[in-house]
Amino acid sequence: QAQQARCYETAFARWRRDRSSAAGTMGILYWQLNAIWQGPDWSTLEHDTTPRLAHYAVARVYAPLLLTATGRPPGARAAASPAATNATAG
């Protein structure tokens, strides 16, 4: 569960950072939210809706503001990724 949580957190944060880059990632959908019976699987909620570690990691990544740091000095950078951008008609 810890490895799954770290993988989701790392990948989702990267894709969210890339949202305003040339890559243009505009969304993330992960599969599967809940387990339908007891046993090991990729869901983030147990069959009885108890959250697994990955569920908390996904919640952190989907927070309204995500602060991340990438790289190592001297090329390190920090990024603040808002959950949504405000579009205005002109």
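Which residues do ring pairs link into a cluster? Select Y8, F12, W15 and Y62, and you have them on screen. Before we go on, a word about what you're looking at. This is a predicted model, so local features need pLDDT of at least 70, side-chain atom pairs count only at pLDDT 80 or more, and totals for chains, interfaces and linings use all residues. Residues are numbered from 1 along each chain as its sequence is written, and side-chain values use heavy atoms, with hydrogens and water left out.

**Stop 1: the whole chain**

Show the protein chain as a cartoon. (Helices are DSSP runs of H or I with at least four residues, strands are runs of E with at least two, and both are numbered from the N terminus.) Of the 90 residues in the chain, 26% are buried. Buried means under 20% relative accessible area with a 1.4 Å probe, exposed means over 50%, and partly exposed is in between, counting protein chains only.

**Stop 2: helix α1**

Now select residues 2–17, which make up α1. This helix has 16 residues and reaches 22 Å from its first C-alpha to its last, close to the 22 Å expected at 1.5 Å a residue. (The expected span is 1.5 Å times one less than the number of residues.) Colour Q4, A5, Y8, F12, A13, R16 and R17: these are buried.

**Stop 3: the rings**

Zoom in on the aromatic side chains. Rings of Phe, Tyr and Trp (its six-membered ring) pair if their centres lie within 6.5 Å; planes under 30 degrees apart count as stacked, over 60 as edge-to-face and the rest as tilted. That gives three aromatic pairs. One of them is Y8 with F12, a stacked pair with 5.4 Å centre to centre and 10° between the planes. Y8 and F12 are separated by about one helical turn because they sit four residues apart in helix α1.

**Stop 4: the core**

Leaving aside neighbours within four places in sequence, Y30 is in contact with Y8, F12, T44, H55, V58 and Y62, where contact means heavy atoms within 4.5 Å.

**Stop 5**

Jump to the loop between α1 and α2 (53–61), where you'll find R52. Is R52 buried or exposed? R52 counts as buried, because its relative accessibility is 5%. Apart from neighbours within four places in sequence, R52 is in contact with several residues, including Q1, A35 and E46. Its side chain also reaches the backbone oxygen of G39 at 3.5 Å.

D41 lies in the loop between α1 and α2 too, but D41 is partly exposed, with a relative accessible area of 30%. Show the polar contacts of its side chain: one goes to the side chain of R52 at 2.7 Å, and another of 2.8 Å goes to the side chain of S43.

How values were computed:
A polar contact is a pair of N or O atoms within 3.5 Å; within protein, one must be able to donate a hydrogen and the other to accept it, and residues adjacent in sequence count only if both atoms are side-chain atoms.
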